[in-house]
Amino acid sequence: MIPREPVFPADRHALYQQHGYSAAIRSGDLLFVSGQVGSRADGSPEPDFTEQVRLAFKNLQATLAAAGCTLEDLVDVTTFHTDPQNQFEAIMAVKQAFFPAPPYPNWTAVGVNWLAGFDFEIKVIARIP
């Protein structure tokens, strides 16, 4: 059995405590990051969609950093969208700011009808350097 170790950002975000889950689990040299959303420190959704996406990426970066990783360590990315057709342009603009040049990570986008009050979520697997 490979040991699993929970990883939390320094501020131990309110959502993890409210809903009883880990921000990420370290297993061997892989980091499995739970879906990161654009939540404020109190766990509430950021109402502005573009800012919600930006905040989700920043929350992702904080979780990666807590395990000694960066966006460059990503192996797999999955994003979830409540209205992909109308959100795509805003998401791509934010994505471009975080991934401005190749090599880009592999990416799967999934349309969903519910994200617990949020409109965007990003889940990743990273290799721990």
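Predicted model: local features only at pLDDT ≥ 70, side-chain atom pairs only at ≥ 80, totals over all residues.
**Notebook: rings and strands**

I started with Phe-99, which counts as buried because its relative accessibility is 7% (buried means under 20% relative accessible area, exposed over 50%, partly exposed in between, with a 1.4 Å probe and protein chains only). Residues are numbered from 1 along each chain as its sequence is written, and side-chain values use heavy atoms, leaving out hydrogens and water.

Next I looked up aromatic pairs, and the whole structure has 5 (ring centres of Phe, Tyr or Trp, with its six-membered ring, within 6.5 Å; planes under 30 degrees apart are stacked, over 60 edge-to-face, the rest tilted). Phe-57 and Phe-99 are edge-to-face because their planes stand at 70°, with centres 6.3 Å apart. Phe-57 is in helix α2 and Phe-99 in the loop between α3 and β5, so the pair ties together parts 42 residues apart in sequence (helices are DSSP runs of H or I, at least four residues; strands are runs of E, at least two; both are numbered from the N terminus).

Phe-99 also pairs edge-to-face with Trp-107, at 5.8 Å centre to centre and 85° between the planes. Trp-107 has 25% relative accessibility, so I put it down as partly exposed.

Then I checked the strands. β3 and β6 pair antiparallel over 6 bridges (pairing needs at least two DSSP bridges), and Phe-32 has Ile-125 as its bridge partner in β6. β4 also runs antiparallel to β6, joined by 7 bridges, and I found Thr-79 opposite Ile-122.
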